[in-house]
Structures are given as structure tokens and as C-alpha cells.
Amino acid sequence: MTNAATTDDSHGTSIRLDGRVAVVTGASRGIGEASARALDGAGARVVLTGRTTADLERVAAELLHDPVVLTADLAPAGAGTDLARRILNEVDGVDVLVNNAGIPMRRTPAQLSEADFDLVFSINVRSLVMLSIGLAPSMVARGGGSVINISSVAGVHGPLGRVAYAGTKGAVDAMTRALAADWGPEGIRVNSIAPGLIVTAIWEDARNNVPGLIEDLEGQIALKRWGFGDDIAEVVLFFASDASRYVTGETLVVDGGLARVTASNTPARLPELED
Ligand SMILES: NC(=O)c1ccc[n+]([C@@H]2O[C@H](COP(=O)([O-])OP(=O)(O)OC[C@H]3O[C@@H](n4cnc5c(N)ncnc54)[C@H](OP(=O)(O)O)[C@@H]3O)[C@@H](O)[C@H]2O)c1
């Protein structure tokens, strides 16, 4: 890293979510952990889900508003529907759903197997939509709600070696728009956030072991730094709150200027642009 981190106390928000119930999938680390902390910090009661109970309990232990921990693997068929049922056994209803759990699938086209394809789609797509469908009636009963899907810039530009992952994230953005159409009349807003390069476990091995990777990719970002979980969590708060009450069916790219902005470590200089 060559630029300052942004996990200090200089950031924050005045958004309040007191009395709301928010579900965060994949809340045990990374973007999901940051989102759970931010939602709790704004006053929401958070339901944390993921596969690893101890990691979820570590996060929940620092939350203030009676958090709920539910361990669930979202890969098997039926997992999204089953988790929705278990959530509604624990809380009266849900106002906010952050569909964050997801896995990367770095494979060249030649390396990709059907099993790889099925696994990444089962977690990133199938369970995401079935959990949303399972929780939507409780949102309607509470007068509406907000579904926030975490997609990726991989669904916006064409990444190398991630055809199946990119497919899942493009599907998430497409389903975001479709569900916004289905549920808008019932007061449920559905939006997605497409993060860029965020420093989490997904990148840990590559950042530690590929020489020059950190600086190389940083050079492709207009703001010249990788993102952190908090950079996404504050946008989650925006979509969770009434500040975004007239926004639905949108995908907000949160990438510091990576996917749709020209940025390079060595920008080509046109003569007419020189002083
Ligand atoms: N980091 C980035 O640069 C980046 C960029 C764009 C988009 N994203 C997206 O952001 C989301 C979060 O990524 P992250 O970087 O925060 O990843 P992460 O640190 O690896 O966290 C992933 C979370 O998902 C949970 N999870 C994984 N497999 C699961 C399964 N089968 N069932 C239930 N939960 C499961 C993990 O917990 P357990 O392992 O305990 O289950 C963990 O809580 C993902 O959807 C990812 O695609 C990340």
C-alpha cells in the first residue's frame, strides 16, 4: 500500500436504523463483517450468518443491539429457503437483507469444471435469490424493506480468468433489476453494490505472494488505493436507510475508479495535452 488506509475514526455517518432488523450473509469477515458492524453502529439488530460459528460469534460479541448468529452453508440446494425459515424463527421480521456471502472462482476457461461452475452459482446466485424470496413476505408485512446485493466489478468489465465468477455477478445485477420490478409495488427496494479491489481474505494469498501485484493493481485505480470493508459498508448503510428511498434497481460501482475510469501507472501522454 502506498496510500493511507481508511479504517480510522475520521469516517462515519449520521444514518440511524434504530428498531430495524438487518440480515448479513457472510458476516464473519471482510465486507460482511464491516457491514454488520456498521448496521449495528447505526442502531439495527443484526442477524449474522456464515459457515463458521466461532468467527460469527467473534464479530457478534462486539455488537450492541442483541445480535443473532445463525450458522449456515449456502452451497446446498434448499439452503437459501431453509436459512430464511430459520431467520424468521429468531426475529419477528426483516427490514434489510445484505446478500454478501460469496466465493471467488479463479479459473481459466480451460481449467473450469462443471463442478466449479455449479458451486459458485449455487452460493453467489441460487441461495442469494432464494433467501431474498424467503424473506420478502416479512418485509412486506413490515411495510417494505431494502435488499442489498453485493455483486462485483467483475460483472461490469471483463476480468481475466474468472468467467464463472463474472457470470454470477452479472446475474446478481440482472436479478437486482428484475426483483426491483417485482417488489417495487410492495415497497421493497432492491439494489446492488459492485465493489472493486477490497482488501479481504479473497486477496490475502495473492497480495502476500505475487510480487508487484499490490502496486500494479493500485495503479489501475483512479483514487490510487485498494478499498477496505468500511468503504463498502458505508454504501450498505445508504441503501439500508431512507436516504436511498427513491433508488431501486440500481447497481452502484464502488471501486475508487477502476472498472469505468481510465487510470494507469504509466498514462500515455498526448502532445497536445502537455503544457
Ligand atoms: N474482496 C473483493 O475484492 C471483492 C470485490 C468484489 C466483490 N466482492 C464480493 O464481496 C462479497 C464478500 O467478499 P469478501 O471479500 O468480504 O470475502 P471473504 O472475506 O472471503 O468473506 C466471505 C464471507 O462469505 C462466507 N461464505 C463463504 N462461503 C460460504 C458458504 N458456502 N455459505 C455461507 N457463507 C459462506 C464466509 O464465511 P465462512 O467461510 O465462514 O462461511 C465469509 O463470511 C462476496 O460476494 C464477493 O464476491 C469482493
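# Working chat: a loop, a sheet and a ligand shell

Reader: Where does T248 lie?
Author: T248 lies in the loop between α8 (229–240) and β7. Helices and strands here are DSSP runs (H or I over at least four residues for helices, E over at least two for strands), numbered from the N terminus.

Reader: What kind of model is this, before I go on?
Author: This is a predicted model, in which local features need pLDDT of at least 70 and side-chain atom pairs count only at pLDDT 80 or more, while totals for chains, interfaces and linings use all residues. Residues are numbered from 1 along each chain as its sequence is written.

Reader: Back to T248: buried or exposed?
Author: T248 counts as buried because it has 21 C-beta neighbours inside 10 Å. The cut-offs are 20 or more other C-beta atoms within 10 Å for buried, 12 or fewer for exposed, and partly exposed in between, with C-beta atoms placed from the backbone.

Reader: Which residues is T248 in contact with?
Author: Neighbours within four places in sequence aside, they are A180, G184, R189, V190 and N191. Contact means C-beta atoms, placed from the backbone, within 7 Å.

Reader: And how far is T248 from G78?
Author: The C-alpha atoms of T248 and G78 are 27 Å apart, and the two residues are 170 apart in sequence.

Reader: Changing topic. What is the strand order in the sheet?
Author: The open sheet has seven strands, ordered β3-β2-β1-β4-β5-β6-β7, with parallel pairing. Two strands pair if DSSP finds at least two bridges between them.

Reader: Which strands stand at the edges?
Author: β3 (68–71) and β7 (251–254) do; each has a single partner strand, so one side of each is left without a neighbour in the sheet. On average, neighbouring strands are turned by 15 degrees against each other, direction ignored.

Reader: How many bridges join β1 and β2?
Author: Five, in the parallel sense, between β1 (residues 21–25) and β2 (residues 45–50).

Reader: Why is β5 largely enclosed?
Author: Six of its six residues are buried, so β5 is largely enclosed by the rest of the structure. G145, V147 and N149 cover one side and S146, I148 and I150 the other, all of them buried. β5 pairs with β4 in the parallel sense over four bridges, and V147 has L97 opposite.

Reader: Which residues have the most contacts inside the largest nonpolar core?
Author: A22, L39, L48 and V236, in a core of 69 residues. Such a core is a set of buried Ala, Val, Leu, Ile, Met, Phe, Trp, Tyr and Cys residues joined through C-beta atoms within 7 Å. L39, sequence neighbours within four places aside, is in contact with residues including L17, A22, V24 and V46.

Reader: How many residues surround the ligand?
Author: 29, the closest being G26, G30, R51, T52 and G102. α1 (30–41) and α6 (201–209) are the elements that give two or more residues to this shell.

Key:
Near = placed C-beta within 6 Å. Contact = placed C-beta atoms within 7 Å. Axes fitted to C-alpha atoms, helices over the stretch in contact; angles between N-to-C directions.
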